[in-house]
Amino acid sequence: MPTKILSVDDENDLELLLTQYFRRKIRKGEYEFSFAHNGLEALTMLLKNKDYDIILSDINMPEMDGLTLLTKINEMQNPALKCIMVSAYGDMGNIRQAMNNGAFDFATKPIDLDDLSLTIEKAIEQIRYIKTMQQEHSQLESIKGDLAIAREIQQAILPRIFPPFPENAEQLDIAALMNAAKDVGGDFYDFFRIDDQRIGFVVADVSGKGVPAAIFMAVSRTLIRATGVRGVSPAECISYSNELLAQESANSMFVTAFYGIYNLTTGQVTYTNAGHNPPYLMKADGTILQLPFSSDLVVGAIDDFKYSEETLQLEHGDTLLLYTDGVTEAINSGDEEFGEQRLQAVLAQLTSNSSQDIIERIKACVSDFAGEAEQSDDITLLAIKRL
């Protein structure tokens, strides 16, 4: 694209002078000149054609002078449009005012065309830089918009209606949330009905952050859910999911996951913990117990790994709390972690609370602890209470 230059001067011989001096660049398509004879005519041309790059304007002109034209150009708020002002050598007061008002550079009459050529080239370099920045800004805005949509999609695929199983509202109280550290996250939770007596539930944390983690999260969540609804055991579900994810994993990504099946009638939970944080069992009598650490591998790291499973009993009034390390590893401005002890202290005060209240109180405590510190990791919580 040629550099478009609008020359504004009431002296007609300047048009011939410029077209003659820059004839080679004009012939090669590098420069394209237009001419106006006063500021008013130039302003009319600018309003009709907004793709001019350089305004080469005299200061002293009839109808509208160069300083007024410069003011009007500034009102257009186009940083890629550069003004080079021209005036007599003795008119330094006006030239100084033009520079203070945002002119890119100036030239004095009689014009030294070699010097003017260098000034135009310098302006072109600035224009190219600004246009590159504007293009990159537009691309970033587009990406930002895409990420906002991706966040909405990601949130939409997670269950958000509570209570999720109203027909079992007298037996089961379940609540969950996922708060991503970036526009999109790698954590997820899910729960789904397997049959009349069994509910599947999962909390997981994908390695990494941002878009790659979000994509891997969507794949992992879909795979675990699609396998779990078939009614297979937690060990079978995670083993099968691991085999597929390990074969397709890019950049050595993996996911920690806790998948359990809750029996509505008996209160028994059968579960597999694939490298995830051990959940807490909040007993109705106020006791807080952390489940044993699992020796099973994370999902997606090594295929053909056979996972184990365990069982636990939820008595009436007991709550099982699952979480990701974004809770315990939340840091404050002093670089301290929230930690397991603070989490346990919070839980000890909430054993009689509803699942939704437990989730909200933990989130509030973590937020108060972190203060102004930036959230460094996704925060996900899921609570299941036997009524």
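Q: In this predicted model, is Q77 buried or exposed?
A: The model is a predicted one, and Q77 has a relative accessible area of 70%. Because a residue counts as exposed when that value is over 50%, the word that applies to Q77 is exposed.

Q: Which loop holds D304, and what is the phi of D304?
A: D304 is found in the loop between β12 (288–290) and β13 (310–313), and D304 is exposed, with a relative accessible area of 61%. D304 is not a glycine, and yet its phi is positive, with a value of about 65 degrees.

Q: Which residues gather in a patch of positive charge on the surface, and how exposed is K28?
A: The residues that gather in this patch of positive charge on the surface are R23, R24, R27 and K28. K28 is found in the loop between α2 (23–27) and β2 (31–36). Because exposed means over 50% relative accessible area, K28 counts as exposed, with a relative accessibility of 62%.

Q: What is the omega of the peptide bond from K109 to P110?
A: P110 is found in the loop between β5 (105–109) and α6 (113–157). Most peptide bonds are trans. The bond from K109 to P110, however, is cis, with an omega near -5 degrees.

Q: How many disulfides does the structure hold?
A: A disulfide is a covalent bond between the sulfur atoms of two cysteines. To be counted here, a pair of cysteine sulfur atoms has to lie within 2.5 Å. The number of disulfides that the structure holds is zero.

Q: Are C83 and C237 buried or exposed?
A: C83 has a relative accessible area of 5%, while the value for C237 is 0%. Because buried means under 20% relative accessible area, the word that applies to C83 and to C237 is buried.

Conventions: Residues numbered from 1 in each chain as written. Predicted model: local features only at pLDDT ≥ 70, side-chain atom pairs only at ≥ 80, totals over all residues. Heavy atoms only, no water. Buried < 20%, exposed > 50% of the residue type's maximum accessible area, 1.4 Å probe, protein only. Patch = residues over 30% accessible without salt bridge, like charges linked within 9 Å, V, L, I, M, F, W, Y side chains within 5 Å. Areas by Shrake-Rupley, 256 points an atom, 1.4 Å probe, with all protein chains shown as cover. Salt bridge = Lys/Arg side-chain N within 4 Å of Asp/Glu carboxyl O. Lys, Arg positive; Asp, Glu negative; His and termini not counted. Charge placed at Lys NZ, Arg CZ, Asp CG, Glu CD. Helix = DSSP H or I, 4+ residues; strand = E, 2+ residues; numbered from the N terminus.
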